[in-house]
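Me: I would like to go through this structure in short questions and answers. Please show it before we start.

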Amino acid sequence: LNAAPGRAPRQQVRFLPASAPGGGGAVGLVAARLPVLADHPLVRGPRFKKLKIGAGHRLDVKASGVFVLGIGHGNKLLTDRYNCHLTRVYTVGGLFGKATDDFSDTGNLVEKTTFDHITREKLERILAVIQGTNQKALLMYSNIDMKTQEAYELAVKGLIRPMGKSPPIITAVRCLQFALPEFQLEIHCLHETQQYLRKMVHEIGLELKSSAVCTQVRRIRDGVFTVDDALPRTQWNLQSIQEAIQSCQLKVETELEKTLG
Amino acid sequence: AMAGAARRLLRRGLGVAAGPPSTRQLREAEEAAPVFQYAGKAAKRKDRVFVWGFSYSGALGVPSFVKPDEGWKKPRRIQPTPYRLETEEKISSAACGYGFTLLASNTRDITKVWGMGLNKDSQLGFQRSRRDQTKGYEYVLEPSPIPLPLEKPQQTRVLQVSCGRAHSLVLTDSEGVFTMGNNSYGQCGRKVVEDEIYSGSHLIHQLKEFDSRVVQVVCGQDHSLFRTKKGTVYACGWGADGQTGLGHYNITSVPTKLHGDIAGVNIIQVSSYGDCCLAVSDEGDVFGWGNSEYLQLASVTETTQVNVPRHLPFKIGKVKEAACGGTGNIVLTEEGNVFVWGYGILGKGPNLIETAVPEMIPPSLFGWSDFSPDTRVAHVRCGLSQFAALTNRGELFVWGKNLRGCLGTGRMEDQYFPWRVTVPGEVVDVACGVDHMVSMVRSFT
């Protein structure tokens, strides 16, 4: 940022002494435009010394995916996005047959179990139940009085969601791949942590009378930001960042307006 | 010398130096760990029964709710969430009456039907009291076998049971229908005996005279309906609201065939619980008769009692299943849509209190969404002022008046739109009563 050409220095008009043409002695004043020394980069120093960067929802060390950052004035938008309570989408990879103490495949082994009795149908049944109980939690934590007509109308449209603090709620789960012992789920959730998702994989394993560990947690969507908008490590330079901010500006504005009104 | 010996051991590799385990050591330890097996490849899903609602009458079949094991514990009057009931056999059919429950299994063993709850009119048969061998129990607190006078007890199977206010019907595959309980209006299908004492009665009546084999029995509040294989409907019992559909308002003590708009029509399902009755034909038409004070039949007539079956001309599509409650009715169409009409909490928010024309409940309330577009309602059931719907994913939705916690939601407030009941399993069937419910559930794995 500091290498980019800065603002032109201020100009001032000064009257400088200059020798008059044809003969010494007499000193006349000539008006000249000179740059103000106070604006010189060597005097002022680099233009950007600090940059305020705020982070959106936390992303674990072991997880990967979309991570939203706010720069400078964008930090104000971050609080607005937090109050929107939008869902985030993760792809979670799991492995049957093992149980570890921190629910991921790099933890200490607790138990090994058989898993050949698990079928895709059983897994989908468990996922349907998880969705059902979380749907109930969604309605309960939204703090809407269930006896009103507007609660009924919001429930029909599926727009009831908790607008305040709530424990992690899963709005939708779907099995993307199933190849024993591995499986992959797509999870839409609210107010979650990655460790909660790993714990959920572990609990799915327990429900199926076996055990499971989580091998991969990848966030593929956070509000309006998807993997397509995200910048990989090779593109962490000023040009791409500026382009990304430009392209997402409109999307973020419409999203905030739609939810917060 | 000791230190030198230790050092020599270390060098030979007999003593291993301590330190954090290397990756190879971890992997080897993991592979050497024992593997536990919790479920084999041929593990079958188990069938369970869950009950909830008002428990003080013993209708839930858990004695510790009414008479706790410890002296200091208080009896549990209401069970607000599903509670597992241990049964000896797999229960294939259940019915909830007014304060009592019947469970039936289609086994060939001698004990096929169990009953619990109120027994003041012998609706659960004669339950011999242990304290006094001549008297019977008035409240049965746990599922007790009901002795049926079968001719071939080791061959006949019980297909279905049904319970009304104070009487019950048991349908068998080859020995007709057995009725027991209160008969003051002829609802048991036998002649009314004046001043008969029903409490502690051993009498179980058998009904066999129908035009063909009976395939469904339904109990209304004080009347009984029988549907035969040929598609005809028979009725007996109280008729002051026209619920027997026989063209008069008197009581009938012998099952008599119904005519009216269902004459000649092949009826595939009948339903009743209060004083109104509904029948569904194989072509998807709905017929109704009985009480219409709550606009149940107001689409065809202004009168409040209809004593002849009338066709209800609803343009909602082919109807697959219907269920009748005390004041509201519900039907399920072939496409999987649910329609409600009548009076009370119908399921479309607090603003819809009564309607004579069926209103559809949006499928998104039953778990249908873009994420799962195959979710649809498979069955509908009715209690006295509650409704229940089962989806093809095995989820149970309930709504209506939450009388003494009978909805099973865990809360005591009325529910104005369909709400999921959390049951640890896939719900296969549910029976709704006045203030309690029984569900048959299969475990997940």
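**Contacts, helix packing and salt bridges**

Reply: H117(A) is placed in the loop that connects β8 (109-113) to α3 (120-141) of chain A; helices (H or I, at least four residues) and strands (E, at least two) are DSSP runs, numbered from the N terminus. This is a predicted model, in which local features need pLDDT of at least 70 and side-chain atom pairs count only at pLDDT 80 or more, while totals for chains, interfaces and linings use all residues. Residues are numbered from 1 along each chain as its sequence is written, chains are lettered from A and ligands numbered from 1 in the order in which they are written, and side-chain values use heavy atoms, with hydrogens and water left out.

Me: Is H117(A) buried or exposed, and what is its relative accessible area?

Reply: Buried means under 20% relative accessible area, exposed over 50%, and partly exposed in between (1.4 Å probe, protein chains only). H117(A) falls in the buried class, at 3%.

Me: Which residue has its backbone oxygen 3.1 Å from a polar atom of the H117(A) side chain?

Reply: Contact means heavy atoms within 4.5 Å. Not counting residues up to four places away in sequence, H117(A) touches K122(A), L208(A), K209(A) and S210(A), and in chain B G40(B), K41(B) and A39(B). The backbone oxygen at 3.1 Å belongs to A39(B).

Me: How much area do chain B and chain A bury between them?

Reply: Buried area is the accessible area (1.4 Å probe) that two parts lose on being put together, summed over both. The contact takes 36 residues from chain B and 35 residues from chain A. Of the area that chain B buries against chain A, 21% comes from F371(B), F444(B) and T445(B), more than from any other three residues. Carbon and sulfur atoms carry 62% of the area buried between the chains, which is about 3,400 Å².

Me: Which residue of chain A forms a salt bridge with E30(B)?

Reply: A salt bridge is a side-chain nitrogen of Lys or Arg within 4 Å of a carboxyl oxygen of Asp or Glu. The rule finds 2 of them across the interface of chain B and chain A. In the one formed by E30(B), the closest N and O atoms are 3.4 Å apart, and the partner is K98(A).

Me: Which residues of helix α2 (residues 74-84) of chain A are buried?

Reply: On one side of α2(A), K76(A), T79(A) and Y82(A) are exposed. The buried residues pack against β3 (53-55), β5 (69-71), β11 (212-222), β12 (225-226) and α6 (238-260) of chain A. The buried residues are G74(A), L78(A), R81(A) and C84(A). They share a side of α2(A) because they cover an arc of only 115° around the axis (taken from the directions from the helix axis to the C-beta atoms); these are G74(A), L78(A), R81(A) and C84(A).

Me: Which residue meets R81(A) in a salt bridge at 3.4 Å?

Reply: The two side chains meet at 3.4 Å, N to O, and the partner of R81(A) is D222(A). D222(A) lies in strand β11 and R81(A) in helix α2 of chain A, so the pair ties together parts that are 141 residues apart in sequence. Both are buried, and the network of salt bridges that links them also includes R88(A), E192(A), R219(A) and E255(A). The residue asked for is D222(A).

Note on methods:
Polar contact = N/O pair within 3.5 Å; in protein donor to acceptor, adjacent residues only side chain to side chain.
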